[in-house]
Amino acid sequence: MRDDSTMRAAESPSLNPTVPISSLTSADAATLDRPTALLWLAGLSFLCVPLMTLIDVPISRWFVRDPFPRELAEALELTRIFSHGGGVFVILLVILLLAPRRRWHVPRLATLALGAGAVATIAKMFVLRPRPYALNLDIATYESAWLWVFDWSLSRVAAFDAGTRAFPSGNMATATALTIGLWVVFPRGRWLFATVCFGTLIHRLMGGAHFLSDTIGGAAIGFLWSFVCYHPKLLGNVFDKMAIEPMADRRRRLREQSETQPPQTSVAA
């Protein structure tokens, strides 16, 4: 007869050394193992912004010439589902209806997407930078991409002009944060989510809405906000408490409670 520790290991895959960690479902995983990696990705992305500025103009000049076939351009339009509020709502609704065991992830996913976009919008208030479509890219030089003005006093917020608020890309920030959330919840679709996120970057370059450095800055904000939402000492502590207890752990806890309770004796009348 097996002892109690062997029975626990057999019932709980997290205690059984013969069951690989990769076989655990995403519903059993509450958060990222190493959220600090997101902080490193955010820092590296911010460092890449001035480097990307050196090649912003030639890249934007190439994209505004419609280098892709019409079918591919229409397919890239579909990637807006990751960066548009309506698309994010549809994704969250699908999870609520079709993935009941993962419903507890929805509050974090909503906070990731909406929060990243909000942080990017706040950052836009302090940075004035023209969008590519506002410049004559045929005669523009790399110095044209360095038209940065920082409005620390917010004196120009009242005259908010979207054509001069290119940095950072709010769409890219939303898509990056949502991709990280879906990456954790649905591991089997990671390559699909990463592809859609990269398609969002290409789509923002195609329309002349952003320079490459704008999208990299948006991705950096997405990484940074994801770190806030997953770190156990920040918002991650709040969302981790919403996790559904795995069935094996629940059975083990109930069995331990029944073993610790003293047996009830009936008194004969």
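This is a predicted model: local features need pLDDT of at least 70, side-chain atom pairs count only at pLDDT 80 or more; totals for chains, interfaces and linings use all residues.

Residues are numbered from 1 along each chain as its sequence is written, and side-chain values use heavy atoms, with hydrogens and water left out.

**The whole chain**

- The protein chain has 11 helices and two strands; helices (H or I, at least four residues) and strands (E, at least two) are DSSP runs, numbered from the N terminus.
- Starting at the N terminus, the order of elements is α-α-α-α-α-α-β-β-α-α-α-α-α.
- Of the 269 residues in the protein chain, 41% are buried, where buried means under 20% relative accessible area (1.4 Å probe, protein chains only).
- The chain exposes about 15400 Å², and carbon and sulfur atoms supply 66% of that area; accessible areas come from the Shrake-Rupley method with a 1.4 Å probe, and for residues only the protein chains shown count as cover.
- Among contacts (heavy atoms within 4.5 Å) with a separation of 6 or more, 79% are between residues 24 or more positions apart.

**Helix H7 and its partner H6**

- The axes of helix H6 (residues 106–124) and helix H7 (residues 170–185) come within 8 Å and cross at roughly 160 degrees; axes are lines fitted to C-alpha atoms, for helices over the stretch in contact, and angles run from 0 to 180 degrees between N-to-C directions.
- H6 and H7 are therefore roughly antiparallel, as angles over 145 degrees count as roughly antiparallel, under 35 as roughly parallel, 65 to 115 as roughly perpendicular and the rest as oblique.
- By class, the contact of H6 with H7 has 10 nonpolar, four polar and one charged residues; Ala, Val, Leu, Ile, Met, Phe, Trp, Tyr, Cys and Pro count as nonpolar, Asp, Glu, Lys and Arg as charged, and the others, Gly among them, as polar.

- Helix H5 (residues 85–98) packs against H7 at about 10 degrees, with axes 12 Å apart, which makes the two roughly parallel.
- The H5 side of this contact is Val88, Ile91 and Ile95, and the H7 side is Thr174, Leu178 and Leu182.
- H7 and helix H9 (residues 212–230) have axes that come within 7 Å and cross at roughly 45 degrees, so H7 and H9 are oblique to each other.
- In this contact, residues of H7 including Met172, Ile180 and Val184 meet residues of H9 including Gly218, Phe223 and Tyr230.
- The contact of H7 with H9 has nine nonpolar, six polar and no charged residues.

**Two prolines in loops**

- Proline 35 lies in the loop between helix H1 (4–11) and helix H2 (36–53), and counts as buried because its relative accessibility is 7%.
- Proline 35 and phenylalanine 227 are 192 residues apart in sequence, yet 5.8 Å apart in space, C-alpha to C-alpha.
- Proline 168 is found in the loop between strand E2 (149–150) and H7.
- Most peptide bonds are trans, but a cis peptide bond joins phenylalanine 167 and proline 168, with omega about -5 degrees.

Terms used:
Buried means under 20% relative accessible area, exposed over 50%, partly exposed in between (1.4 Å probe, protein chains only).
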